[in-house]
Amino acid sequence: MREQKTIFQNIDWVMTGLFLALVVLGWMNIYAAVYNDEHNSIFDISQKYGKQMLWITGAIIIALVVLIIDANFFTAFPYPMYIISTIMLIAVIFFGREISGSHSWFRFGDFGLQPAEFGKFAVGLALAKYMSGLNIHAADLKTKAIAFFIILFPAGIIVMEKEAGTALVYIAFIFVLFREGFSGNFLLGGFFTILLLILALLVNKIVLVIVLAIIAIAIGLFIWVSSRNKKKAKRGLLGVFAILVIASFAVFGVDTAFSKMKGHQKTRINVFLGKEVDKEMKKKAGYNINQSLIAIGSGGVAGKGFLQGTQTKYEFVPEQSTDFIFCTVGEEWGFLGCTFILSLFLALILRIIFVAERQRSAFSRIYGYGVASILFFHITVNVGMTIGLAPVIGIPLPFFSYGGSSLWAFTILLFVFIKLDSNRLLILR
Amino acid sequence: MSAQYSDRKYVIIAIFSSIILIFLARLFYIQVIDDQYKLTARNQAFRYMTDYPARGNIFDRKGRRLVYNQAAYDLMVIPRQVKDFDTAEFCTIIGIDKDQFEKKMLKAILPPNSSRKPSIFEKEISVEHSAILQERLYKFQGFFLQPRTLRKYPEPIAGHLLGYVGEVSEKITDTSSYYRDGDYIGISGMEKAYEIPLRGIKGTHIEVVDVHNRPMGSYMNGIYDTIAVAGKDLVCSLDAVLQEYGEKLMQNKIGSIVAIDPSTGEILAFVSSPGYDPNLLIGSTLPKNFRLLQQDSLKPLFNRALMASYPPGSTFKLVMSLVGQNEKVISKSTTFFCAGGYNYGGARPLKCDAHHGSLDLTAGISRSCNTYFCNVFRSVMDNKKYKKMEDVFTVWRNYAISFGIGAHLNTDIPNELRGSLPTIERYNKIFGEHRWHTSTIISLAIGQGELGITPLQNANVVCIIANKGFYYIPHTVKSIGKNPNDPSLLRFKEKHYAQVTDTAYYNVVIEAMNEVVKHGTAAASQIPGIDYCAKTGTAENKRVINGKVIQLKDHSMFIAFAPKENPKIAIAVTVENAGWGASWAAPIASLMIEKYLTDSVSRPEIEKKMLDADIIHTNIIGKQKGY
Ligand SMILES: [Zn+2]
């Protein structure tokens, strides 16, 4: 083994540079989003932008700590970390402070911590650990069951915390499984699950189940008639039937799942779907999407210029420093700014995939894909929401949105991978 | 395992990249192609605040104030900003009850108003109320007072001429880029004619507001703001004292007085009676009062000086004398014999009031002999110089037009009536082509028949005679701002010549008119120390009632200019249903002349008689008069 001279040795500067660029740009945009003349210093810690500076400082310290810790720590203890994370997720339901209907925050004075944000990291590590194990074959039913359990167990707990939006992020791990050899059907399955969820909210459920049943019977008949091997056909029929039952449960379960969602979140999704009963609520939530579109749309090609935004700065856009921070980019920097920021994000994700592929260790590679998938899912849902292409689900834009928990969670997620990569020549598994 | 599925990275990269591309396409659409969001953003965050400049004042020719601005306040409300408050106290202050309060509040919220935008809660709060309100406004969040200006008239005179100001109609806001809903605009009179210099130019400043509608300062330090330009004051040609005197003389009478300075064309007095107090047509009281005035059977809104048409009668005889001389078919010494009427072969001869006997031109004019002028007319029309009736008629007609009869004078007062001057086509239609002759249209000779002239045109003919051949377009404005040579006023400095320009011809007419005052029908209206020229007249007043033509009491008419040498005032007075011109119109005109030239009145008993006379209520429908 070679001895490491500094913690910065073998660090991937592309990822690190993109990270720093996004964090600083995020900070500037928070400054613009909530700017006010009385506190015009970006370092004023009574304001969100001053606080974000502290969060960023903390994030850099965390990044350094992650780089200092021996890489073996991350490969050795994923399961204990997974268990601790899960306990925290459960504990927060009982001991967490209730904030707008959800029990997902621990509060220590001014400082808040959301275990769900860190849960993604634990699941990423645990999944990597399990999937990189010896004699693990994607085709095995047991492998599938355990992999899905690792992913869905914490997601289920998070749903119970009434943070359905955050739970949805775990669907992102399907990309990891796909890369590791799970059938492409799972990817399609994930896609259809989302489609079915949206349809179930949109169309009459009984009609939907009847249509699904007819399709299933048609496919079953086709299998039965066209197949010579009746034993195989029987299994096929069983599969189709199983899918039908699961789909039906999913369809009827949607209501239950969504009724557990935060009140405002439920409305937001219904608004996106154009299906809203309560007119007053529709006005409120539709207003958010509309204001977001107005802010971004009014930016034009080159934007209104730094601090010149009116829609975000003057509170037309809701939650303009957190979930809707992309509006500030759109309004003040225009199409060119949006293109630049999305390019940085895509560059980071592609770089992570590239780096993941060069790992000799399966663990590092699988973990890397986890990081890329989670970042991708967050960006898709968050940006998609602001431009009216995704339901309004309150999840942050990585590195950009105001707030410590999410920034630190993404920092840990990314830097653990950077650390693993810097040791790629040393680690075999 | 890694190598086995390594190709799958391309699938994942493709999915990730295509999602980002879809986002970019969507962003390109909403940011670059679709403009609706930019517009909405402006509407939401920008308040285009209008700065209304003060409207120009109007002064009379001697600097006396005719119109000025009075401060008033509108109580505005932004419903969204209203917090709980003591509605009872609030209602008491502005003097409304709870029901009205709720109605007004609802009106401010419902479209086209909006709870986010300011709208008028109560118009024109009185000065006392606004002072009380201002003190307690801190208790009523969401309400504020917006200053605005109302027109105010120190003397209740010249309503018809000054016109009034009111809210713009939808028709104007639809077609004009300047006016917005709720803006004020001159609707009639000088306020309309001089709207552009009077109003000035509105300014705008863009104020950025936040989502709670709180002002956040000006946009980009005001680089897109425009500064309001104040309206210009007008110096009106009216003499306020003369105008007020004229209106007093005409009280309880129907009719008009138009007085013009012939040497400039400036209108000195412009009375239409009955008139109205211009202070009635102000601000929020305007619609109600306007309706009341409209329903008045005496039509006080009707500007008789400008829009009523009367047979020109005697005035036209003067014009015919000039035309006859100019056509060289008569001269000063031409004599005709009057046996009490002119028989043109029709059913009824045109009668004279007396057997005038043998008359020369001067006597014909001063005694207003119908027979004499029928002969003058025939001499003109039967002139061998012209081959066809149509040719000579056209010549005659052009003379009339050159005297401003039957044509717009293009004065600066809006809605000027043209009057009537018959055309060849009209006679062809009535009598058939080539089937009308001098005798068919003989009543034109004495200014009757198809002729109609407005009091303004009548006074203008007097100006032509006073000036011996030309006139300036009668107008009401001496200067705009301090500039008497404003481009829009230059047209009033041009001389317009009548087709008769030989001063000798005019001298004959002037001498005859002087004779009217010295020894004729206006002898009773002589003014001590002022030698002037005049002509009395009556206009027949026929009206069709229940399908029958009924002769009503004649209109009393009088024209004059004074003094005879170097005239300073030309005047036309019409008193409807008052009978002989000498009895009412002449004394009124003479009082006006004296007042203007000497600033005093030396004949108090005549003045008193004129002031006290109530012709409306005693003579509204005069006794029938038949031939
Ligand atoms: Zn006679």
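**Exercise 1.** How many helices and strands are there in chain B?

*Solution.* Chain B has 22 helices and 22 strands, counted as DSSP runs (H or I, at least four residues, for helices; E, at least two, for strands) numbered from the N terminus. Bear in mind that this is a predicted model, where local features need pLDDT of at least 70, side-chain atom pairs count only at pLDDT 80 or more, and totals for chains, interfaces and linings use all residues. Residues are numbered from 1 along each chain as written, chains are lettered from A and ligands numbered from 1 in written order, and side-chain values use heavy atoms, leaving out hydrogens and water.

**Exercise 2.** Work out how α3(B) and α5(B) pack.

*Solution.* Step one: find helix α3 (residues 87–94) and helix α5 (residues 127–136), both of chain B. Step two: their axes are 9 Å apart, at an angle of about 155°; axes are lines fitted to C-alpha atoms over the stretch in contact, and angles run from 0 to 180 degrees between N-to-C directions. Step three: α3(B) and α5(B) are therefore roughly antiparallel (over 145 degrees).

**Exercise 3.** Which residues in α3(B) and α5(B) meet?

*Solution.* From α3(B), take B:E89, B:I93 and B:I94; from α5(B), B:H129, B:I132, B:L133 and B:R136. Contact here means heavy atoms within 4.5 Å. By class, that contact of α3(B) with α5(B) has four nonpolar, one polar and two charged residues.

**Exercise 4.** What share of the residues in chain B is buried?

*Solution.* Of its 627 residues, 53% are buried (under 20% relative accessible area, 1.4 Å probe, protein chains only).

Definitions and conventions
Angles under 35 degrees count as roughly parallel, over 145 as roughly antiparallel, 65 to 115 as roughly perpendicular and the rest as oblique. Ala, Val, Leu, Ile, Met, Phe, Trp, Tyr, Cys and Pro count as nonpolar, Asp, Glu, Lys and Arg as charged, and the others, Gly among them, as polar. Buried means under 20% relative accessible area, exposed over 50%, partly exposed in between (1.4 Å probe, protein chains only).
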